[in-house]
Amino acid sequence: MTPALLVGEATELVPAAAGLGADQALRVRVLIHEQPDRTWGAGGKIMRHTEVAGLATD
């Protein structure tokens, strides 16, 4: 997913999840930060990049 697609999708999903109208889209801020290895958390544990990448392709 490109950063532009990620920003667009998050901007649509966040207001909907919060019960806000589409006119509230300017209230959504999307910050993309690359994360170093072993700084991802999922399922209550720290995961390596290779583990996260493997989940994305399954």
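Q: Which residues make the nonpolar surface patch of about 470 Å²?
A: In this predicted model, the patch is made by Met1, Leu5, Leu6, Val7 and Ile32. A residue needs over 30% relative accessible area to belong to a patch.

Q: Why is Met1 called exposed?
A: The relative accessibility of Met1 is 69%. The term exposed requires over 50%, and therefore Met1 counts as exposed. Met1 is placed in the segment before helix 1 (3–17).

Q: Is Val28 buried or exposed, and how is that known?
A: Val28 has 17% relative accessibility. Buried means under 20%, so Val28 counts as buried. Of the 58 residues of the chain, 7% count as buried.

Q: Where is Val28 found, and which residues does Val28 touch?
A: Val28 lies in the loop between helix 1 and strand 1 (40–42). Leaving aside residues up to four places away in sequence, Val28 touches Ala10, Thr11, Val14 and Pro15. Contact here means heavy atoms within 4.5 Å. From C-alpha to C-alpha, Val28 and Ala10 are 8.1 Å apart in space, while 18 residues apart in sequence.

Q: How does the span of helix 1 compare with what is expected at 1.5 Å a residue?
A: Helix 1 has 15 residues, and its first and last C-alpha atoms are 21 Å apart. The expected span is 1.5 Å times one less than the number of residues, which gives 21 Å for helix 1, and the reach of the helix is close to that value. Just after helix 1, Gly19 takes a positive phi of about 75 degrees.

Q: What makes up the secondary structure of the chain, and in what order do the elements run?
A: The chain has two helices and two strands. From the N terminus on, they run α-β-β-α.

Conventions:
Residues numbered from 1 in each chain as written. Predicted model: local features only at pLDDT ≥ 70, side-chain atom pairs only at ≥ 80, totals over all residues. Heavy atoms only, no water. Patch = residues over 30% accessible without salt bridge, like charges linked within 9 Å, V, L, I, M, F, W, Y side chains within 5 Å. Areas by Shrake-Rupley, 256 points an atom, 1.4 Å probe, with all protein chains shown as cover. Salt bridge = Lys/Arg side-chain N within 4 Å of Asp/Glu carboxyl O. Helix = DSSP H or I, 4+ residues; strand = E, 2+ residues; numbered from the N terminus. Buried < 20%, exposed > 50% of the residue type's maximum accessible area, 1.4 Å probe, protein only.
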